[in-house]
Amino acid sequence: MIKKLDKINKLVEKIKKKYGYEFSDIYRNIKIDLDNSYEDDKEIYVNLIINDLPIIFKITEDNEYYIEMSEEYFVELNELSFWQTMYFSSIR
């Protein structure tokens, strides 16, 4: 469980540093929803609430990060995929 929480915290810190540094709302408003997070044999699926928008991330055993663009469709987490997902989540 500690290892899982450590991986989730690293994801949150990455989001804060890479995408939230210019946007204080994002930097301050990330909540970890452990009730709606789960793991399978090799991956952790975590629901983060960012500015009241629930977004699912996948963390692999190699500590690679993916973001859910649409239902069960994950792409590598980068600046473009992050902002696209934030936009599409906000208009749903």
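Biologist: Which residue in E3 stands opposite Val46?

Modeller: In this predicted model, Val46 stands opposite Phe57 in E3.

Biologist: What makes E2 and strand E3 a pair?

Modeller: Two strands pair if DSSP finds at least two bridges between them. Seven bridges join E2 to E3, residues 53–59, and the two run antiparallel. Seven bridges meet the requirement of at least two, so E2 and E3 are called paired.

Biologist: What lies between E2 and E3 in their hairpin?

Modeller: Two residues separate E2 from E3 there. Asn51, in the turn, has a positive phi of about 50 degrees.

Biologist: How do you know that strand E1 also pairs with E2?

Modeller: The same test applies: at least two bridges. Six bridges join E1, residues 30–39, to E2, and this pair is antiparallel. In E2, Ile50 is the bridge partner of Ile30. E1 and E2 also form a hairpin, with four residues between them.

Biologist: Why is strand E2 called mostly covered?

Modeller: Buried means under 20% relative accessible area. In E2, residues 44–50, seven of the seven residues are buried. Each of those seven residues therefore falls under the 20% cut-off, and E2 is called mostly covered.

Biologist: Which residues point one way from E2, and which the other way?

Modeller: Ile44, Val46, Leu48 and Ile50 point one way, while Tyr45, Asn47 and Ile49 point the other way. All of these residues are buried.

Biologist: How many of the elements are helices and how many are strands?

Modeller: The chain has three helices and five strands. From the N terminus on, the order is α-α-β-β-β-β-β-α.

Biologist: Why is the chain called as compact as a globular protein of that length?

Modeller: For 92 residues the globule rule gives 12 Å, and the radius of gyration of the chain is 12 Å; the two values are close, so the chain is as compact as a globular protein of that length. Along its principal axes, the C-alpha trace spans about 35 × 25 × 25 Å.

Biologist: What share of the 92 residues in the chain is buried?

Modeller: Buried residues make up 39% of the 92. The chain exposes about 6,100 Å², and carbon and sulfur atoms supply 47% of that area.

Biologist: What share of the contacts between residues at least 6 apart in sequence joins residues at least 24 apart?

Modeller: That share is 36% in this chain.

Biologist: Where do the mean positions of the positive and negative charges lie relative to each other?

Modeller: The mean positions of the 13 positive and 19 negative charges are 5 Å apart.

Conventions: Residues numbered from 1 in each chain as written. Predicted model: local features only at pLDDT ≥ 70, side-chain atom pairs only at ≥ 80, totals over all residues. Heavy atoms only, no water. Rg over C-alpha atoms; globule rule 2.2 N^0.38 Å. Buried < 20%, exposed > 50% of the residue type's maximum accessible area, 1.4 Å probe, protein only. Contact = heavy atoms within 4.5 Å. Areas by Shrake-Rupley, 256 points an atom, 1.4 Å probe, with all protein chains shown as cover. Lys, Arg positive; Asp, Glu negative; His and termini not counted. Charge placed at Lys NZ, Arg CZ, Asp CG, Glu CD.
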